[in-house]
Amino acid sequence: MKFTPRPYQRDIISHIIIHARCAVWAGMGMGKTVSALTAVAEIQAHEHTRALVVAPLRVAKATWVQEAQKWDHLKHLRVSIVCGTKAERMAALKTDADIAVTNYEQLPFLVDLYGAKWPFRIVVCDESTRLKGFRLRGGTKRAKALAKVSKNLVSRFIELTGTPSPNGLEDLWGQMWFLDRGKRLGKSFSAFHQRWFQPARVSYDAFAVVWTPTASAEKEITKAVSDLCITRMPEDYFGVEQPVCSTVRAIMPESAQYAYQAMQKDFFVDFGNGVNVEAPSVAVKLNKLLQLTAGGLYDSDGEWHNMHDAKLDALQSVIEEAAGAPVLVAYQFKSDLARLKERFPKGRALDTDPKTIKDWNEGRIPVLFAHPASAGHGLNLQDGGHIIAFFSLGWNLEQYQQIIERIGPTRQMQAGHPRTVFVYHIIVPNTVDVMVLDCLTHKKSLQDAVLDYMKK
């Protein structure tokens, strides 16, 4: 696919290339990953050095490789995933890769492995708030390990996040230290704290105090770091009139792909031991294929079998990128809901209890699972969030449109929330998922979609 950067993406790319150490604060849907990869590729074309990307585990295992494979101008990049067992990590490190991608938990291992022979002159920290706990004394082990090599052995340090200070201004010191070693916000966290925070007693106990920013803290801190940090937020470019839609790719393992191909070709899948799945018609087959892409396939006795976790992993990435913002998750099958509850135990299903909607709108539910048929006309969910992810898709256009509208732009504005709505479609490439999404987004009839699909 050809990449034509949008104006804000050109800004991000230029900022990374120009500033050896910098931060990109850009909201969801702004293309931080492809912009960072584009900048790194440009830098490597001139500096001939390896790069290390550090990200949350599921993002490290999927997102960065998929983005490199997606865009034509990045397909030359050799990307290795340094995750998993020690043997798997060592094998990945021995490959002649331009970019190694790992998770934050591996930082102590990598620093101990290479020491002074650290090979990565470029370090990209995705979701850089993972560095917020760094302190010169104490602090998190992962950030402390990275600090050992960041000064003299790393020539370019790039931070990416959509929420640089989710819990307040105190989150910024650790992240900024990796960019300037305390030049802008203080040589130590204590110095930073003493300059911009003040104690406030919360009871008669002299030791019961909380530290709150001074009246000028936010303005002064923002000004101090403005030269290294570029901020690009969706509402400044997309507006709030239309949702921002994104496709998140999920890759099924080979076993699930084999089952998918068997059902697609023969209308039949045999699991052995007398367990099989048969589709007596095209309509039933298409439904079975949707179950397969979602990960839970029902057999001929009505029992479902877990086929893969690809979409669960992809949804995990969406939730992590939301950085604490609530996410509404749409699903189609009961097997989907069972698997979603198991993977995300803090999530709740939308039911008939009015308290569930109340809790969602008051921010007490981080992930709400909803079947589109149960979230139709009349439900007000807009106060609870502005992000929806379609874990699996159905054929009903009205239900699809209605569940989006529960948190949609119109309701957001009516409720006084001038914020962009994000719609994520989790799709398995080259499957029936693509056909259904095309059917829904282009308002094609089911009959036309099926006919198009049968031609392939």
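**Exercise 1. Determine what the side chain of Asp336 reaches at 3.3 Å, and describe the surroundings of this residue.**

Solution. The side chain of Asp336 reaches the backbone nitrogen of Gln332, at a distance of 3.3 Å; a polar contact is a pair of N or O atoms within 3.5 Å, where within protein one atom must be able to donate a hydrogen and the other to accept it, and where residues adjacent in sequence count only if both atoms are side-chain atoms. The model is a predicted one, in which local features need pLDDT of at least 70 and side-chain atom pairs count only at pLDDT 80 or more, while totals for chains, interfaces and linings use all residues. Residues are numbered from 1 along each chain as its sequence is written, and side-chain values use heavy atoms, with hydrogens and water left out.

Asp336 is buried yet has no salt bridge, and the nearest side chain of opposite charge, that of Arg339, is 4.1 Å away. Here buried means under 20% relative accessible area, exposed over 50%, and partly exposed in between, with a 1.4 Å probe and protein chains only. A salt bridge requires a side-chain nitrogen of Lys or Arg within 4 Å of a carboxyl oxygen of Asp or Glu; for charge, Lys and Arg count as positive and Asp and Glu as negative, whereas His and the chain ends are not counted.

Finally, when residues up to four places away in sequence are not counted, Asp336 touches Ala294, Tyr331, Phe391 and Ser392, contact meaning heavy atoms within 4.5 Å.

**Exercise 2. Work out which parts of the chain the salt bridge between Arg78 and Asp98 ties together, and how accessible Arg78 and Asp98 are.**

Solution. The closest N and O atoms of the salt bridge between Arg78 and Asp98 are 2.8 Å apart. Arg78 lies in the loop between helix H3 (57-70) and strand E3 (79-82) and Asp98 in the loop between helix H4 (86-94) and strand E4 (99-103), so the pair ties together parts that are 20 residues apart in sequence. As to accessibility, Arg78 counts as partly exposed at 41% relative accessibility, whereas Asp98, at 16%, counts as buried.

**Exercise 3. Check the length of helix H11 against expectation, and list its buried residues.**

Solution. The expected span of a helix is 1.5 Å times one less than its number of residues. For the 13 residues of H11 (residues 282-294) this gives 18 Å, and the end C-alpha atoms are 18 Å apart, which agrees. The buried residues of H11 are Lys285, Leu286, Lys288, Leu289, Leu290, Gln291, Leu292, Thr293 and Ala294. Just after H11, Gly295 takes a positive phi of about 120°.

**Exercise 4. State the strand order of the open six-stranded sheet, and identify the strands at its edges.**

Solution. The order is E10-E19-E18-E15-E17-E16, with parallel pairing; two strands pair if DSSP finds at least two bridges between them. Strand E10 (244-249) and strand E16 (348-349) stand at the edges, each with a single partner strand, so one side of each is left without a neighbour in the sheet. Within the sheet, strand E18 (residues 387-390) and strand E19 (residues 422-427) pair in the parallel sense over four bridges, and the bridge partner of Ala389 in E19 is Tyr424.

**Exercise 5. Decide whether Phe344 is buried or exposed, and find its contacts.**

Solution. Phe344 is found in the loop between H13 and E16, and at 8% relative accessibility it counts as buried. Leaving aside neighbours within four places in sequence, Phe344 is in contact with Leu312, Leu315, Gln316, Ile319 and Phe369. The C-alpha atoms of Phe344 and Gln316, which are 28 residues apart along the chain, are separated by 8.6 Å.

Notes:
Helices (H or I, at least four residues) and strands (E, at least two) are DSSP runs, numbered from the N terminus.
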